[in-house]
Amino acid sequence: LGWWKEAYGGLDRYDVRTKLWADMEGEGLVIKVEPHDQRVPRSQRGGEIIEPMVSTQWFVQMQGMADASLEAVKSGEVTIIPSRFEKM
């Protein structure tokens, strides 16, 4: 998964934020610190902070499916109604 797994893997998200900030300061990557107000989304029912969930991105190669679909329309196997949309 990467270098970050060894440094931050298994830690609570709040602990990761604190450790990551300290590591960035230690490496000289922090330019400045300013106070910043931000609306933090919270759960309506329990009031806990809603965190974005990072998921694996995936993509589908569409050319093969597009070619097969176009051939099905051209051969008459598939009929598009209204027919004016066949020309797209």
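Author: The largest pocket is lined by Leu11, Asp12, Arg13, Val16, Arg17, Glu51, Pro52, Met53 and Val54. A pocket here is an open set of points on a 1 Å grid over the protein atoms alone, where a 1.4 Å probe fits, with protein on both sides within 12 Å along at least five of seven lines; lining residues have an atom within 4 Å of a point. The model is a predicted one, in which local features need pLDDT of at least 70 and side-chain atom pairs count only at pLDDT 80 or more, while totals for chains, interfaces and linings use all residues. Residues are numbered from 1 along each chain as its sequence is written, and side-chain values use heavy atoms, with hydrogens and water left out.

The space in the largest pocket comes to about 320 Å³, a volume being the space filled by probe spheres set on grid points joined across faces, edges and corners. Its lining comprises 5 nonpolar, 4 charged and no polar residues; Ala, Val, Leu, Ile, Met, Phe, Trp, Tyr, Cys and Pro count as nonpolar, Asp, Glu, Lys and Arg as charged, and the others, Gly among them, as polar.

Arg13, one of the lining residues, is also in contact with isoleucine 49. Isoleucine 49 belongs to the loop between α2 and α3, helices being DSSP runs of H or I with at least four residues, and strands runs of E with at least two, numbered from the N terminus. With a relative accessible area of 25%, isoleucine 49 is partly exposed, a class between buried (under 20%) and exposed (over 50%), computed with a 1.4 Å probe on protein chains only.

Serine 43 lies in the loop between α2 (13-26) and α3. Beyond four places in sequence, serine 43 is in contact with Glu48 and Ile50.

Buried residues make up 5% of the 88 residues.

How values were computed. Contact = heavy atoms within 4.5 Å.
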